[in-house]
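Me: I have a structure open and want to go through it with you. Can you take my questions as they come?

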Amino acid sequence: MASKLSIYKSALRYLGNAAGVASLTEASPARRALDDVWTEAGEYMLAKGLWNFAIRSSEFQNDEDVEPLFGYQYAFSKPSDWVRTVSISTDPTFMVGFEDFADETSYWYANSDTLYIRYVSNDDDYGWNIGAWREPFAQAFAAYLAFQCALPISADKGTRTDLFNLSKALLTEAKTLDAVDERVAYSPAGRLVQSRLRRGSLTGTRRGL
């Protein structure tokens, strides 16, 4: 299970600092450098993928105090913990496709007064729940922390370049492994296909099938 201390230790190992840190309150330049970039780096990493551990599903009612975008009847305010939108539906099971919406700045717009939205959340119980992070993500985060802290800690530009490339590679691997855990998503049938299916169902009913 990942922890802030274990990620700090990994970041310092990537920097070649074998001594590492003994605690999160240790009075050392390395620990302070990691503290300085921790939140910024975490928000960056959460925004880089549709991480399963960070996805939150919620029902949203239209915000009557917000003027809807031209062409839409309703506006929906994004929650304070929103990072990225994953999917939007008018069906709470998310099995029905829905594309008639706009995603702009701090709002979503649609012609339905209720939306069900899956999004990457930076809430403490979702994206910032470190205990839920899988090790590939934790290591990618540690490598990115090391990249951000390379010059303050090691003063070696070559090391920083290497860490940048390593963090990209680990991030790609983490995203690939995380995607394997996501259930297979099937593209919803279009209107023409749905219409044909309905006609076929009605024909079968009339025939007693």
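Reply: Strand β4 (residues 101-104) and strand β5 (residues 107-110) run antiparallel and are joined by four bridges. Strands here are DSSP E runs of at least two residues, helices are H or I runs of at least four, and both are numbered from the N terminus. Two strands pair if DSSP finds at least two bridges between them.

Me: What kind of model is this, and what are the ground rules?

Reply: This is a predicted model, where local features need pLDDT of at least 70 and side-chain atom pairs count only at pLDDT 80 or more, while totals for chains, interfaces and linings use all residues. Residues are numbered from 1 along each chain as its sequence is written, and side-chain values use heavy atoms, with hydrogens and water left out.

Me: Back to the hairpin. Which residue takes a positive phi?

Reply: Threonine 105, with phi near 45°, in the hairpin of β4 and β5, which has two residues between the strands. Phenylalanine 101 has alanine 110 in β5 as its bridge partner.

Me: How many helices and strands in the chain?

Reply: Five helices and six strands. Along the sequence the pattern is α-α-β-β-β-β-β-β-α-α-α.

Me: What's the strand order in the open sheet?

Reply: The order is β1-β6-β3, three strands with antiparallel pairing. β1 (55-61) and β3 (82-89) stand at the edges with a single partner strand each, so one side of each has no neighbour in the sheet. The twist averages 35° from one strand to the next, with axes taken as lines fitted to C-alpha atoms (for helices over the stretch in contact) and angles running from 0 to 180 degrees between N-to-C directions.

Me: How many bridges join β1 to β6?

Reply: Seven, and the two strands run antiparallel. Serine 57 stands opposite arginine 118 in β6.

Me: Is arginine 118 buried or exposed?

Reply: Buried, at a relative accessible area of 18%. The cut-offs are under 20% for buried, over 50% for exposed and partly exposed in between, using a 1.4 Å probe and protein chains only.

Me: What is arginine 118 in contact with?

Reply: Leaving aside neighbours within four places in sequence, arginine 118 is in contact with Ile55, Arg56, Ser57, Thr85, Val86, Ser87, Phe94 and Glu182. Contact means heavy atoms within 4.5 Å.

Me: Different spot. Where does lysine 78 lie?

Reply: In the loop between β2 (74-77) and β3. Lysine 78 is buried too, with a relative accessible area of 14%. The lysine 78 side chain makes a polar contact with the side chain of aspartate 103 (2.5 Å). A polar contact is a pair of N or O atoms within 3.5 Å; within protein, one must be able to donate a hydrogen and the other to accept it, and residues adjacent in sequence count only if both atoms are side-chain atoms.

Me: And the largest nonpolar core: which residues have the most contacts inside it?

Reply: Ile7, Trp38, Trp51, Trp133, Phe141 and Leu145, in a core of 39 residues. A nonpolar core is a set of buried Ala, Val, Leu, Ile, Met, Phe, Trp, Tyr and Cys residues joined through side-chain atoms within 4.5 Å. The largest share of this core, twelve residues, comes from α3.

Me: What else is there apart from that core?

Reply: Another core, of nine residues, including Trp108 and Ile117.
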